[in-house]
Amino acid sequence: MTSAALPVYETQVAAEWIDYNGHMSEAFYVLVFGYATDQAMEHLGMGPAYREASGCSLYTVEAHVRYLREVGLGAPLTVRTRVVGEGPKKLHLAHEMHSGAELVATEEILGLHVDQAAGGTVGFPEDVSAAIRVHAEEPPGWCGRRVG
């Protein structure tokens, strides 16, 4: 499968993200993954201008997070996002969060394309579908696992 990689999202652990155990709280892993999803949406043609013009957006309906390593204050974070599945109205993304060379967390999400005024799912426009297909990759081995 030939694909173009989505841009990597970069940030660092902020002081307000540190919990009582001295490392990044679980909620902020999800926040960072959310920012990476926003960046992917922008790159795929579903950014703020698209949402304003179309009234449509991507809604996350399912997510699976794996917390693999603790990260502390100021740690650099990079999130690589892959399109690992798609359909006429759905998008499956896989995020891998690293701090330096170490994999610290993963998240996979299933998003549905929703018409916010009508309140139901609608198909992606052709230009967005084409962008999604260009970025499609094989899922990593951890993707699709059940909680157990």
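Modeller: The account below takes the salt bridges in turn.

This is a predicted model, in which local features need pLDDT of at least 70 and side-chain atom pairs count only at pLDDT 80 or more, while totals for chains, interfaces and linings use all residues. Residues are numbered from 1 along each chain as its sequence is written, and side-chain values use heavy atoms, with hydrogens and water left out.

The structure holds 4 salt bridges (a side-chain nitrogen of Lys or Arg within 4 Å of a carboxyl oxygen of Asp or Glu). One of them joins Arg 80 to Glu 137, with 3.0 Å between the closest N and O atoms. This pair links distant parts of the chain, 57 residues apart: Arg 80 lies in strand E3 (residues 76-86) and Glu 137 in the segment after H3. Helices (H or I, at least four residues) and strands (E, at least two) are DSSP runs, numbered from the N terminus. Arg 80 counts as partly exposed because its relative accessibility is 28%, whereas Glu 137, at 14%, counts as buried. Buried means under 20% relative accessible area, exposed over 50%, and partly exposed in between (1.4 Å probe, protein chains only).

Strand E3 also contributes Arg 82, which is linked to Glu 96 in strand E4, 14 residues apart. Arg 82 is buried at 16% relative accessibility, and Glu 96 is buried at 12%.

A further salt bridge pairs the side chains of Glu 126 and Arg 133 at 2.7 Å, N to O. Here Glu 126 is exposed, with a relative accessible area of 53%, and Arg 133 is partly exposed, at 41%.
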